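Subject: Structure handover and notes

Hello,

Please find the structure below.

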Amino acid sequence: MPSLTLPEGLTVELPEGEPVGAALPKGTIAARVEGELRDLSFVPSEAAAIEPIDPRSDDGLHVLRHSTAHVLAQAVCELFPGTRYAIGPAVADGFYYDFDIPDPVHAKDLAAIDRKMRQIVKRKQPFVREELSRADALERFADQPFKREIIEAGDDADGETAAGDTVSVYTNGEWADLCLGPHVPHTGMLGAFKLTNVAGAYWRGDERNPQLTRIYGTAWASQDDLDAYLHRLQEAERRDHRKIGHDLDLFSFPEEIGSGLAVFHPKGGLIRRLMEDYSRKRHEEAGYEFVYTPHITKAELFEISGHLTWFADGMFPPMELDGGTQYYLKPMNCPMHILIYRSRTRSYRELPLRLFEFGTVYRYELSGVVHGLTRVRGLTMDDAHIFTSHEQLGDELQSLLTFVLDLLRDYGLDDFYMELSTKPEGKAVGSDEEWEDATETLRRAAGTIDVPLEMDPGGGAFYGPKISVQARDAIGRTWQMSTIQVDFQFPQRFDLEYTGDDNARHRPVMVHRALFGSVERFFAILTEHYAGAFPLWLSPEQLRFVPVADRHVEHCEELAAKARAAGLRAVVDDSKESVGKKIRAAQLAKAPYTLVVGDQEAASDAYTVRDRAGTESGGVTFDRVIDGLVEEASSRSIAQTDFGSA
RNA sequence: GCCGGCGUGGCGCAGUCCGGUAGCGCAACCGACUUGUAAUCGGUAGGUCGUCGGUUCGAAUCCGACCGCCGGCUCCA
C-alpha cells in the first residue's frame, strides 16, 4: 500500500526512451507528463519533465479509487459469471461500479466480494494498457453490450470523448476493461478500501434506461485515512437529525398523516418558535411587512404564474369543488403575495415593498426522495417578495445579501460561499436580454460581498436567475441555504405596475428570497450542525435542577422560579431516582446546564455548575449562574459560559 | 416514480429460513430506598407482530397488493 508523501511541485527529468516509473520514487502511483496524468509504464516519445503523483493528492486518490473500482468489477465478474459491467468511476470519497448481474446481489454479498477483491490485491496483477482500434475493441468486448455501446458512441468509460480512432483497454490478470486510465502499477498497491452499499442506478443516469446494480465503495491512500473517513461517516450518523429528533422528542412523522408530513412536539416546537421569532424580529427591523395567505387556491392562479405548466407533477392533485372548479394546495407563496401587491395602485414611494410570510406550502415530492425534515411534502418557507424599481434593484440586492449572511451568522453558521445559477435552457421563460440583465445585477451585488462566488450554469428557476448561499456545517458538509431570485417574468404575467414620480406607469421587478429556505430543513441543518446541543438561546431547556433528595425539591422549585423570573427556561427533575441517574438523564437530554442541589447548597449559596460537556465548576453563587446564563442566552453565544474550574 | 432492503409493546432488538397463536433490555407505572455529579432494588401493566387479502386444520413466519421507513437512482419551482 502506498504510504509515501512527496514534496509539493516535485518534478523529475526523464531521459528519452525510459518509462515514467523508472525515474520516480518507489510508492509513486502515477505521474503527470506534459500536464497529462499517465501510468508509470508510459514511455514518452522524448525526454520530458515529469511530476510524480502523491497517492494522497486529489489526482492520486482519483487513480487509486478508479483502480479499486476495476478490482471490484473483476471480483464481481469472477463471483457472478455472466455479469455485464457498465462503468465504474471515482467519485467524491470513493468509487462505484454499475453492473447487470444475473443473480440479485444484496448488501450481505459485499463481504464475499470484498474477500475476492483482497485475493486480487494479493495477486499483485499489473495493470497493462493497450491501444485497440474500435473494431478490435468491439470484438474484445463482444459479450459486453454496455462496453460496445460506449465504444460505438466514441466515449471512454468515464463518458468523456476520446480522441482518435483507437480506444484504450486496461488488462490485469484475465480481466479487461475499456478505460482511459491511468491506473496504479499493480493491484497490490490497493487495499485501504471498503465496500459501502448496493443500490440501483439507471444506465447512463436516464430513468428510461434499464436499471443496473451499483456497488459503492470508498478507498484511501492509507488505512489511517480510511479509518478517519469511516469515523466521519459515524459522526454524520450520530448527528442525523432524524435520530436526534426522536431521541430529544422534537418531532415525528406519524404514518397516519402521511409521508413527508411532520409534526413538531413541544420541545421541537419551542426551538422552532425561537428560530422563527428571532427571524421575525430581524425582518421587522429590516423593513419587511408581514402578510398571511391561504393554503389553497383556484387553479387559475397557478395557471397565470406558470407553475401548472412547469411543475404540475410536483403539485398535489386538484380538489374539485363548486361544480367543477379546481382548487390546488399552494406549492409557492409568490402569486399570493403578488395579489396583495396588485390589490390597489402602487406608488414609487412605497418601493421597495417587502412582503414577508412564514408560508406553508405543499409539494408532491416523489415517494423515494422524501427524507426526514430536509425533503418533505409540507414545508414552511420564510418567504418574502420584494417589489422594487429597476433603479433600486442593485442596492436592494446588496443590502439583502448582507442581511442574509448576517442573520445566518446569528444562528451559528459562519462558513459560506455563494452560487450564481443562470438560465436553464429549454426550461425558462423570458428573453435572453432580461436574463442577462438580471444575472448581471446579481453578479454585481455578489461582487460587493466578501464571500466567494461560484457559478452554477443552468441552475436557475424558470422565471429568473438566482444566488444561493451555501453554508458549511460543523463537520464540513455544505448545505444550500438561502436563495435570492431576480424575476422580471411574474410582474409581466400578472401585469404589475406602479406610478412613478413622472406620473407614468412602470413595471416593478420582483425579488423572491428565502433565508432558511424551509423552516423544517433549516431546523434539520441546525440540529445536525449542533448535534442536538443547541446554543442556549435556542435550547428548549436552559437550566436543570437535580435535587439530591426529596426534601430538596422545594428549594429547587424556588430557585427555578427565580431563574424563570430572570427569563430562563428552567426545569426541576423531581423524579424519584438516584442523583447519578438524574445526571445521566440530563446529559442524554443535552441539558445545557445542571445544578445538583442538596443540603450543602441550601446552606452555602455555592453551586457546582455542570455543563452538557460534563465540565463542572464549583463554588458559584446562584446569582452568578443566572447572570452568566442570561448573558449567554441574550448574546446568542454558541460558546458555553465559563464559570471557572472547580 | 424506479431498484434493493426493512416493518414484532413508546424505543432498541430476538423469534421468520425449517408455519403450531410472542420474548429480552430500556422507558412507563407501583412500591421500598432518601440518595452528592452518566444507569439502586423489587414488582405491575403494555403487542389483533404495518394494513388488507390469499394459501393452510393452523400464519409474526409462506404468497400478493397497498401503506410507511432506510440506502441509492431520477427529481427538487
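Between which helix and which strand is the loop in which P352 is found? P352 is in the loop between helix 10 and strand 19. Helices (H or I, at least four residues) and strands (E, at least two) are DSSP runs, numbered from the N terminus. The peptide bond that leads from L351 to P352 is cis, and its omega is near -10°.

Two points on how to read these notes. This is a predicted model, in which local features need pLDDT of at least 70 and side-chain atom pairs count only at pLDDT 80 or more, while totals for chains, interfaces and linings use all residues. Residues are numbered from 1 along each chain as its sequence is written, and chains are lettered from A and ligands numbered from 1 in the order in which they are written.

The chain as a whole

Chain A has 18 helices and 32 strands. Its C-alpha trace spans about 85 × 75 × 55 Å along the principal axes. Of its 646 residues, 38% count as buried. A residue is buried if 20 or more other C-beta atoms lie within 10 Å of its own, exposed if 12 or fewer, and partly exposed in between, with C-beta atoms placed from the backbone. Two residues are in contact if their C-beta atoms, placed from the backbone in this case too, lie within 7 Å. Of the contacts in chain A between residues at least 6 apart in sequence, 67% join residues at least 24 apart.

The surface near RNA strand B

RNA strand B is surrounded by 54 residues, and the closest are A199, G200, G314, G368 and G598. Here a residue is near if its C-beta atom, placed from the backbone, lies within 6 Å of the strand. The elements that give two or more residues to this surface are strand 11 (193–202), strand 12 (211–219), helix 9 (307–311), helix 16 (579–588), helix 17 (599–604) and strand 31 (607–611). Helix 16 gives the most, with seven residues. By class, the surface has 19 nonpolar, 21 polar and 14 charged residues. Ala, Val, Leu, Ile, Met, Phe, Trp, Tyr, Cys and Pro count as nonpolar, Asp, Glu, Lys and Arg as charged, and the others, Gly among them, as polar.

The loop between helix 17 and strand 31 holds D605. D605 is not a glycine, yet its phi is positive, near 50°. It is exposed, with 12 other C-beta atoms within 10 Å.

Two helix pairs

Two packed helices are described by the angle between their axes and the distance between the axes. Axes are lines fitted to C-alpha atoms, for helices over the stretch in contact, and angles run from 0 to 180 degrees between N-to-C directions.

Helix 1 (residues 58–79) and helix 2 (residues 110–123) pack at about 115°, with axes 9 Å apart. That makes helix 1 roughly perpendicular to helix 2. Angles under 35 degrees count as roughly parallel, over 145 as roughly antiparallel, 65 to 115 as roughly perpendicular and the rest as oblique. The residues in contact include V71, L72 and A75 of helix 1 and I113, M117 and I120 of helix 2. By class, this contact has ten nonpolar, one polar and two charged residues.

Helix 11 (residues 390–410) and helix 12 (residues 432–447) also have axes 9 Å apart, at an angle of about 45°. That makes helix 11 oblique to helix 12. L393, G394, L397, Q398 and L401 of helix 11 meet T441, L442, R444, A445 and A446 of helix 12. Six nonpolar, three polar and one charged residues make up this contact.

Why is helix 10 (residues 334–341) described as largely enclosed by the rest of the structure? Six of its eight residues are buried, namely C334, P335, M336, H337, I338 and Y341. They pack against helix 8 (299–305), strand 19 (353–362), strand 20 (378–388), helix 13 (489–493) and strand 27 (509–518).

T527 lies in helix 14 (residues 519–529). T527 is buried, with 26 other C-beta atoms within 10 Å. Leaving out residues up to four places away in sequence, T527 touches H241, I244, G245 and G532.

D249 is found in the loop between helix 6 (241–247) and strand 13 (251–252). D249 has a positive phi of about 60° although it is not a glycine. With 13 other C-beta atoms within 10 Å, D249 is partly exposed.

Regards
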